[in-house]
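Thanks for asking me to look through this model with you.

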Amino acid sequence: MAPTDLLAHVCYFYPCSVSTAAPSTSPQRAGSGSPSPSSDAAQRRIPQEVKFQHRRTAGEVRRCKKGKRTDIKPHEWDKFGYASKEEVLHREIVYDDQTVPIRRVKFRDITPERFIEEFGSKSQPVIVEDCCSHWPAMDKWSIDALEERFRHVSFKVAKDDNGKKLRMKFKYFADYVRHQKDDNPLYLFETDMDDNGFIRPLMDDYEVPSLFPHDWFSLVNADSRPPFRWFCIGPKRSGTTVHIDPLGTAAWNAVTHGTKRWVLFEPHEAKKRVKGKDLLKEDEDDEAIMYFDYILPRIKQAYPDLKVYEGLQKPGEVIFVPGDWWHGVLNLEDTVAVTQNYCGPDNFELVWTRTRKEREKVAWLWLRNMRKYAPDLYQKAMTMNRRDRFKMRHERPAGERLSDASSSSSESSSDSSSDEGVDLDPAGLEAAVPDAFKKLGAACFQKQGRYAVDRMSTTARNSIVPGERGNHEAALNKRRRIQETVLQG
Ligand SMILES: O=C(O)CCC(=O)C(=O)O
Ligand SMILES: [Fe+2]
């Protein structure tokens, strides 16, 4: 029995530390000196214990923390003492000259057509109020209700340095959420919602908001498509550091419980400015909470011309993050959300340009299915390729590499699916872009390849062995065979 098991009857203790430092200072405005961080807290820690309800929670948490961060010890996860500095979570956003409120609109005041005209095609972020308040998830995704349903189901709560997923049973994660005092807590981010039969019931609790009717990436077979859907539980103080989503995809993110604080920057802004790494002082960290506490105020001070979009997202609200926008999040409370990335008329050009270059095999499989199931989209992609004199893999002589393509080694199991036997000769295709794509209007709401997509994903789903216990290789081979039949049939 582990020593911690002997400590208590009802509660189980996990050593960590607490700071005796005063709360960090509020953000200061440009010209009033550099906002001071909370990092000196690290030097003045006194040991403290976190009480968990379950005997095994501490061990599970330690295992995941060790895997996720090798630079610090599990007991150092609270070294800056943010759990006793609630002020950071309650700090008001000051909308000064450079801080722009993220626009807000009520769901009942907007149609999908207006949404794409005003926000999608203009690449403007927006928070849509009351967009998902009717979902069953609004009740069914409280931590307590989720614990009842998924007590023994394991969810991904971190990744190690090799990209291996670290999973924890929900009962331990719920225990952790309720009691943790970490500066930057473990963040549950589960993408296997459809494939994992134990987790799939979550899919019945929400729907894709009607404002996002397109999902042209779903023309890529389920097992080749890059991850695009996540169920997220962020304990308070957890968050996501500033980044751009992959392949130019846009995202919607719906909160059912808790509050997210968002920061966004326009796509043209330099990484150096928006991440502010060179504004960090020695011994400081740059996790989400530190970013919102002192890095963002310093960024505003250092770059007064930088436009910073900020806003709070509450339960029932959905935020639209356009493709290529920088964004970061701090969960101000224990927060439950679902998010999906997509490709539609608002961002197809961007996504196709990125995908054909960065994910050659995915692009090839996508194009192959566009040709078969979404001819308008196929023509659009081929027109772009001709315009940019872009040669896809099957069009280049054997052995000729795409000069600036990034490595495709991170691609999914589809890498081994056959690339041969299907000729995608562009000859004879119309050069003109169909009118429906030129004008972003009602015509664009015709869903591309609907039948094909349903048929493919059903077939693929049936061949998947749920969870991680089946014969993975056999399942993959079967899926490959089905995929080839579907694609060539
Ligand atoms: O809710 C969050 O923490 C942000 C999620 C996000 O931006 C992402 O998954 O790409
Ligand atoms: Fe993101």
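The numbered points below go from the ground rules to the metal site, the ligand and then some single residues.

1. Ground rules. This is a predicted model, in which local features need pLDDT of at least 70 and side-chain atom pairs count only at pLDDT 80 or more, while totals for chains, interfaces and linings use all residues. Residues are numbered from 1 along each chain as its sequence is written, chains are lettered from A and ligands numbered from 1 in the order in which they are written, and side-chain values use heavy atoms, with hydrogens and water left out.

2. The iron ion. Which residues coordinate the iron ion (ligand 2)? They are His-243 (NE2), Asp-245 (OD) and His-327 (NE2), at 2.1 Å. Donors here are N, O and S atoms within 2.8 Å of the metal (3.2 Å for Na, K and Ca); water is not among the atoms, so sites may look incomplete. Along the chain, the donors of the iron ion have the spacing H-x1-D-x81-H. Distant parts of the chain are linked in this way: His-243 belongs to strand 10 and His-327 to strand 15, 84 residues apart. Helices (H or I, at least four residues) and strands (E, at least two) are DSSP runs, numbered from the N terminus.

3. Cover at the two histidines. His-243 is partly exposed, with a relative accessible area of 24%, whereas His-327 is buried at 5%. For these words, buried means under 20% relative accessible area, exposed over 50%, and partly exposed in between (1.4 Å probe, protein chains only).

4. The shell of ligand 1. Around ligand 1 you will find Tyr-187, Phe-189, Thr-240, His-243, Asp-245, Asn-253, Lys-260, His-327 and Val-329; a residue is near a molecule if one of its heavy atoms lies within 4 Å of it. Strand 10 (239–243) and strand 15 (326–331) each give at least two residues to this shell. By type, the shell has three nonpolar, four polar and two charged residues. In this grouping Ala, Val, Leu, Ile, Met, Phe, Trp, Tyr, Cys and Pro count as nonpolar, Asp, Glu, Lys and Arg as charged, and the others, Gly among them, as polar.

5. Polar neighbours of ligand 1. A polar side-chain atom of Lys-260 is 2.8 Å from an oxygen atom of ligand 1. For Asp-245, the distance from a side-chain N or O atom to a ligand 1 oxygen is 3.0 Å, and for His-327 it is 3.1 Å. How much of ligand 1 does the protein bury? Taken alone, ligand 1 exposes 290 Å², and the protein buries 91% of that. Such areas come from the Shrake-Rupley method with a 1.4 Å probe; for residues, only the protein chains shown count as cover.

6. Thr-99. This residue lies in strand 3 (residues 99–101) and is buried, at 4% relative accessibility. Its side chain has a polar contact of 2.6 Å with the side chain of Asp-96 and another, of 3.0 Å, with the side chain of Lys-300. A polar contact is a pair of N or O atoms within 3.5 Å; within protein, one must be able to donate a hydrogen and the other to accept it, and residues adjacent in sequence count only if both atoms are side-chain atoms.

7. Two backbone angles to look at. Most residues other than glycine have a negative phi. Ser-123, however, has a positive phi of about 55 degrees; it sits in the loop between helix 3 (112–120) and strand 5 (126–129) and is partly exposed at 24%. Arg-389 also has a positive phi, of about 50 degrees. Arg-389 is in the loop between helix 11 (375–387) and helix 12 (435–438). Is Arg-389 buried or exposed? At 75% relative accessibility, Arg-389 is exposed.

8. Eight of the 10 residues of helix 6 (residues 170–179) are buried, including Phe-170, Tyr-172 and Val-177. In helix 8 (residues 288–302) you can find Ile-295, buried at 1%; its C-alpha is 7.0 Å from that of Leu-279, 16 residues away along the chain. Helix 10 (residues 360–373) holds Ala-363, buried at 0%.
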